[in-house]
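Biologist: Could we go through this structure together? I should like to begin with its surface.

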Amino acid sequence: MGHQIQDIDSLGAGIGIYRASKSLGKKVHIVLNEITTSIRPMVERFMKDDEYEKDLFVTSSEAVELVDSTTVVIVVDVNRPSYTECPELLRLCKSVVVL
């Protein structure tokens, strides 16, 4: 999960974590509430690519519904909880990693 109003470096960091996690056999989602014009071409490209799960991107409300006792949240490209796409997710999860 990156910061609100994601830009290309936040999206790129999320995709990097996605690829690393998938290589370890983990189920992964990227929290993305708003697809801005700066990231729209890349998001559309990932959504059309069969290498990426159809549920690669989830909204905050979808992410909150997916949380269970084994969920790990990895935060990229942001240093304040209030700036993340879903601050509530940080409170719900026992494991949070900030990169």
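**Surface, helix and charge pairs**

Modeller: Leu99 is found in the segment that follows strand E4 (95-98). Please note that this is a predicted model.

Biologist: Is Leu99 buried or exposed?

Modeller: Leu99 is exposed, its relative accessible area being 57%.

Biologist: Which residues make the nonpolar surface patch there?

Modeller: Val72, Val97 and Leu99 make a nonpolar surface patch of about 260 Å².

Biologist: Let us turn to helix H1. Which of the residues in H1 are buried?

Modeller: The buried residues in H1 are Ser10, Leu11, Gly14, Ile15, Tyr18 and Ser21. Viewed down the axis of H1, they fall within an arc of 135 degrees, so they line one face of the helix.

Biologist: How far apart are the end C-alpha atoms of H1, and what span should its residues give?

Modeller: Helix H1 covers residues 8-23, and its 16 residues should span 22 Å at 1.5 Å a residue. The end C-alpha atoms are 22 Å apart, which agrees with that expectation.

Biologist: Now the charges. How many salt bridges does the structure hold?

Modeller: There are five salt bridges in the structure. In one of them, Arg19 pairs with Glu51, with 2.9 Å between the closest N and O atoms. This pair links distant parts of the chain, 32 residues apart: Arg19 is in helix H1, and Glu51 is in the loop between helix H2 (40-48) and strand E2 (57-58).

Biologist: How accessible are Arg19 and Glu51?

Modeller: Arg19 is partly exposed at 38% relative accessibility, whereas Glu51 is exposed at 53%.

Biologist: And what does Lys27 meet in a salt bridge?

Modeller: The side chain of Lys27 meets that of Asp55, at 3.1 Å from N to O. Here too distant parts of the chain are linked, with Lys27 in the loop between H1 and strand E1 (30-31) and Asp55 in the loop between H2 and E2. Lys27 and Asp55 also belong to a network of salt bridges with Lys22 and Glu53.

Conventions
Residues numbered from 1 in each chain as written. Predicted model: local features only at pLDDT ≥ 70, side-chain atom pairs only at ≥ 80, totals over all residues. Heavy atoms only, no water. Patch = residues over 30% accessible without salt bridge, like charges linked within 9 Å, V, L, I, M, F, W, Y side chains within 5 Å. Areas by Shrake-Rupley, 256 points an atom, 1.4 Å probe, with all protein chains shown as cover. Salt bridge = Lys/Arg side-chain N within 4 Å of Asp/Glu carboxyl O. Helix = DSSP H or I, 4+ residues; strand = E, 2+ residues; numbered from the N terminus. Buried < 20%, exposed > 50% of the residue type's maximum accessible area, 1.4 Å probe, protein only. Expected span 1.5 Å × (residues − 1). Arc of directions from axis to C-beta.
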